[in-house]
Amino acid sequence: MILRSEVRDCLFLNWAVPRSELPSPPDPLRYQVHEHDGERWVYLSALLFRQRGVRLATFPWPRLSYPQMNLRFYALDADDVPAVLFRAMWVPAWVVPAVRLIGRQRARAAALRFPARVDTPERPYGWRAKAGHELMLKAASGTPRLGPGPRLGSWEETVAYFRQRPRGYIEGPSGLRRVETSHVSTAVWPMEVELQRGDLLAATVPLERGWPPLHSAWLCPELEFEFELAPAREAPLPEQVPAAG
């Protein structure tokens, strides 16, 4: 099943977190680990965006449009292909049944208040996600800046590290599912972020030492996205791995 959509105003928030504080990923994945300051680190991102016109590739209608937030780890799969492991996904309550039925993903209901359109990035915009706990922030365009964590090269190489991942993995009710994705080139605006509240992140991925400062942040104003859900590639989840829902 191939789905297409347009993604608008996709805000990337990236952190480097200690590998020692994370549960092991499900087989056959392994975290992409980076040595830095005598410790092993793994990158993790929260993406906040508006999904527009989600549809089957072979049919223009019906279409779904809604805001979404997801939390993801960066990993390598059995073929050593750079991949994304989705840890959690939040969508409006009315979207949850469709996401669970079509994508077989453990989507969570949340109140998501994102900008209708980021057309003047020089001024600050507010993002808010609330699902019991809350993530709240303001962001405006700025100069490329890298915070704590292992270096991944230049700014352009850092962006490519997070964006150029042709495979995603989802922990579904019946096992681990692989998603094939294709990305196109798009504008990338470096962002200055003021994180006002982050207990939603801490509740989803508890870290003994707490969440560190942001490593990097940027916004992709618009891009087309195509992905293929591949149920034939499901694999059983190890019992010791906590479910994403």
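Colleague: What share of the 245 residues in the protein chain is buried?

Modeller: Buried residues make up 51% of the 245 in the protein chain, where buried means under 20% relative accessible area, exposed over 50% and partly exposed in between, with a 1.4 Å probe and protein chains only. This is a predicted model, in which local features need pLDDT of at least 70 and side-chain atom pairs count only at pLDDT 80 or more, while totals for chains, interfaces and linings use all residues. Residues are numbered from 1 along each chain as its sequence is written, and side-chain values use heavy atoms, with hydrogens and water left out.

Colleague: And how many helices and strands are there?

Modeller: The chain has three helices and 14 strands. Both are DSSP runs numbered from the N terminus: helices are H or I with at least four residues, strands E with at least two.

Colleague: Take S11. Is it covered or open?

Modeller: Strand S11, residues 167-172, is mostly covered, as six of its six residues are buried. Arg 167, Tyr 169 and Glu 171 point one way from S11, whereas Gly 168, Ile 170 and Gly 172 point the other way.

Colleague: Which strand pairs with S11, and in what sense?

Modeller: Strand S6, residues 82-91, pairs with S11 in the parallel sense over four bridges; two strands pair if DSSP finds at least two bridges between them. Phe 86 stands opposite Ile 170 in S11.

Colleague: On to the largest nonpolar core. Which members touch the most others?

Modeller: Met 69 and Trp 127 do, out of 37 residues in that core. A nonpolar core is a set of buried Ala, Val, Leu, Ile, Met, Phe, Trp, Tyr and Cys residues joined through side-chain atoms within 4.5 Å. Elements that each supply at least two residues of this core include strand S1 (2-18), strand S5 (64-76) and helix H3 (199-204). A second, separate core of 21 residues includes Trp 41, Leu 152, Tyr 161 and Ile 170.

Colleague: What does Trp 127 touch?

Modeller: Not counting residues up to four places away in sequence, Trp 127 touches several residues, among them Leu 11, Leu 48, Arg 113, Phe 114 and Leu 219. Contact means heavy atoms within 4.5 Å.

Colleague: Now the charges. How many salt bridges does the structure hold?

Modeller: It holds 12 salt bridges, each a side-chain nitrogen of Lys or Arg within 4 Å of a carboxyl oxygen of Asp or Glu.

Colleague: What about Arg 209 and Glu 39?

Modeller: They form a salt bridge in which the closest N and O atoms are 2.5 Å apart. This pair links distant parts of the chain: Arg 209 lies in the loop between H3 and S14, Glu 39 in strand S4, 170 residues apart. Arg 209 counts as exposed because its relative accessibility is 53%.

Colleague: And where do Arg 197 and Glu 134 sit?

Modeller: Arg 197 is in strand S13 (residues 189-197) and Glu 134 in strand S10, 63 residues apart. Their side chains meet in a salt bridge at 3.2 Å, N to O. Arg 197 counts as partly exposed because its relative accessibility is 41%, whereas Glu 134 is buried, with a relative accessible area of 6%. Salt bridges that share partners join Arg 128, Glu 134, Arg 197 and Asp 199 into one network.

Colleague: Is Glu 35 buried or exposed?

Modeller: Glu 35 counts as exposed, at 58% relative accessibility. The side chain of Glu 35 meets that of Arg 40 in a salt bridge (3.7 Å, N to O).
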